[in-house]
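Trainee: I would be grateful for a close look at one part of this protein, namely the surroundings of the ligand. Please also place that part within the fold.

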Amino acid sequence: MPMPIPMPSDPLAAVTHADPAPYYRGLAARRPFYRDEALGLWVAAGAAEVAAVLAHPASRVRPPAQPVPPGLAGSPAGALFGGLIRMNDSAWNAPLKGVLLKRMAALELGGMRQRVSALAQGLPFDLTQPGAAVNHWMFSLPVLAVADALGLAVAGQPGVAMQAAAQVTAFARAMSPLATAQEIAAGSEAATWLQAWMRESLSVGAPASAPGRPLDALQREALAAGVAKEVIATNAIGLLIQACEATAGLVGNMLVRLGREMAQGRCPDESGALRDVAALVLREDPPVQNTRRFLATDARLCGADLKAGDGVLLVLAAASLDERMPGECAGKASRPWTFGAGRHACPGDALAASVAQAVVAALLARGADPAALVRAFRYRPSLNTRIPHFL
Ligand code: HEM
């Protein structure tokens with residue numbers, strides 16, 4: 001009889017644990033809000049508690065005294081990070097955020113499978129090393145799909161496309177608190193390359209024959225709202241960065257789920273199957289498992305007195321499995337918790353789900369075999385994102 005797997009030691013260890021769901025369910029039910037002295041963080045695990053922290057006016061996405069992670073401060077990567085609306089609560093980003101949310105909602109998602117399949121033609125897939133090939137596609141193809149949806153010239157240009165995807169991946173990796181000095185240096189080089197590429201892409205505009213690019217509309221409206229060109233370029237890069245690791249995690253976790261289903265004799269090609277798998281994974285094995293907030297002032301939250309500067313770990317994956325609250329707040333809510341909620345809720349949710357299904361379909365078409373992949377994988381080291389690494 002196989003030995004039972006020990007529970008994760010804390011919510012950070014749960015992110016890369018083989019089966020964290022029972023632990024998360026227990027947290028949401030029995031410890032929905034508590035202080036973890038060893039982590040030096042408050043922990044919100046219940047759906048109502050996560051919602052309350054996200055909605056509180058004193059909650060900030062960064063520690064107020066540390067707008068940029070210390071490892072990145074003073075570097076080109078730090079400058080890029082500091083300009084992202086995702087990482088900032090300042091009033092300056094309100095006009096850009098308004099434009100960005102509107103443009104993201106207007107993106108055309110029809111025909112995603114065909115577009116991603118065309119982009120995939122330019123990517124090599126070495127069938128003798130399927131794990132490595134899948135790992136590479138998981139990170140590259142979603143970035144290219146988002147770039148293409150925004151109107152950046154990546155289709156039919158494998159050289160530029162591969163370089164752009166590699167630079168976005170390097171930058172995303174440097175943002176992790178677990179990044180090594182080498183990864184941070186690579187992230188800075190990537191930031192410089194991406195700024196130059198995006199500046200050039202925004203200034204060139206679309207060929208006269210092409211329909212208007214979503215990126216041009218975004219730039220036009222943001223300039224009219226008084227946003228500086230450099231900030232627009234930074235946040236256009238930000239969209240590719242946001243698309244990278246989280247969507248890689250969604251693709252990877254879908255492959256794991258498919259592999260397990262196939263082992264039980266189910267077939268992934270049935271119509272609607274990938275949509276159902278994406279929906280299940282977003283709720284039960286989500287790519288972004290937690291996020292953080294930092295208190296700008298003292299506040300009373302969920303029955304506890306928090307001090308200015310305190311950090312709160314919001315365990316989105318536990319909120320998603322909270323069985324205490326039917327309806328709005330619980331995992332059955334229309335929007336999966338993995339996309340966050342409130343002032344910084346992800347505007348890329350529909351895009352990410354559509355891209356991930358298209359990437360999985362392209363991988364299956366190219367010969368990836370989830371049943372084989374699921375037999376040998378581990379999770380990439382991370383404190384918040386659950387991304388399989390296939391061996
Ligand atoms: C499965 C894929 C994705 C997941 C799980 C995800 C998850 C999240 C989460 C949890 C947040 C909120 C973070 C917080 O409040 O602390 C967020 C914010 C954001 N996401 Fe996503 N995301 C995904 C894909 C994307 C994609 C494809 C895009 C755009 C192309 C995108 C764009 C953004 C932006 C711009 C924000 C910041 C919003 C703001 O600060 O107002 N995301 N995402």
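Mentor: What follows goes from the protein as a whole to the ligand and then to the sheet.

The model is a predicted one. The protein contains 15 helices and nine strands. Its radius of gyration is 21 Å, close to the 21 Å given by the globule rule for 391 residues, so the protein is as compact as a globular protein of that length. Along the principal axes, the C-alpha atoms fill a box of roughly 60 × 55 × 40 Å.

Turning to the ligand, 26 residues lie around it, and those that come nearest are Lys-97, Thr-291, Arg-293, His-344 and Cys-346. Two of these names return when polar atoms are considered. Lys-97 places a polar side-chain atom 2.5 Å from an oxygen atom of the ligand. For Arg-293, a polar side-chain atom is found 2.6 Å from an oxygen atom of the ligand. Gln-242 has an N or O atom of its side chain 3.0 Å from a nitrogen atom of the ligand. The elements contributing two or more residues to the shell are helix H5 (94-105), helix H11 (229-263), strand E4 and helix H14 (349-365). Of the shell, the largest share is that of H11, with six residues. Sorted by class, the shell comprises 15 nonpolar, seven polar and four charged residues.

E4 belongs to an open sheet of five strands, whose order is E1-E2-E7-E4-E3 and whose pairing is mixed. The edges are formed by strand E1 (33-36) and strand E3 (59-60); each has a single partner strand, so one side of each is left without a neighbour in the sheet. The pairing of E1 with strand E2 (residues 41-44) is antiparallel and runs over four bridges. Within E2, Leu-41 is the bridge partner of Asp-36. Helix H3 (residues 47-55) packs on this sheet, where it touches E1, E2, E3, strand E4 (291-295) and strand E7 (311-314). The direction of H3 makes about 135 degrees with that of E7.

In summary, strand E4 has a place in both parts of this account: E4 gives two or more residues to the shell around the ligand, and E4 is also one of the strands of the open sheet that helix H3 touches.

How values were computed
Residues numbered from 1 in each chain as written. Predicted model: local features only at pLDDT ≥ 70, side-chain atom pairs only at ≥ 80, totals over all residues. Heavy atoms only, no water. Pairing = 2+ DSSP bridges. Contact = heavy atoms within 4.5 Å. Axes fitted to C-alpha atoms, helices over the stretch in contact; angles between N-to-C directions. Near = heavy atom within 4 Å. Polar contact = N/O pair within 3.5 Å; in protein donor to acceptor, adjacent residues only side chain to side chain. Nonpolar A, V, L, I, M, F, W, Y, C, P; charged D, E, K, R; others polar. Rg over C-alpha atoms; globule rule 2.2 N^0.38 Å.
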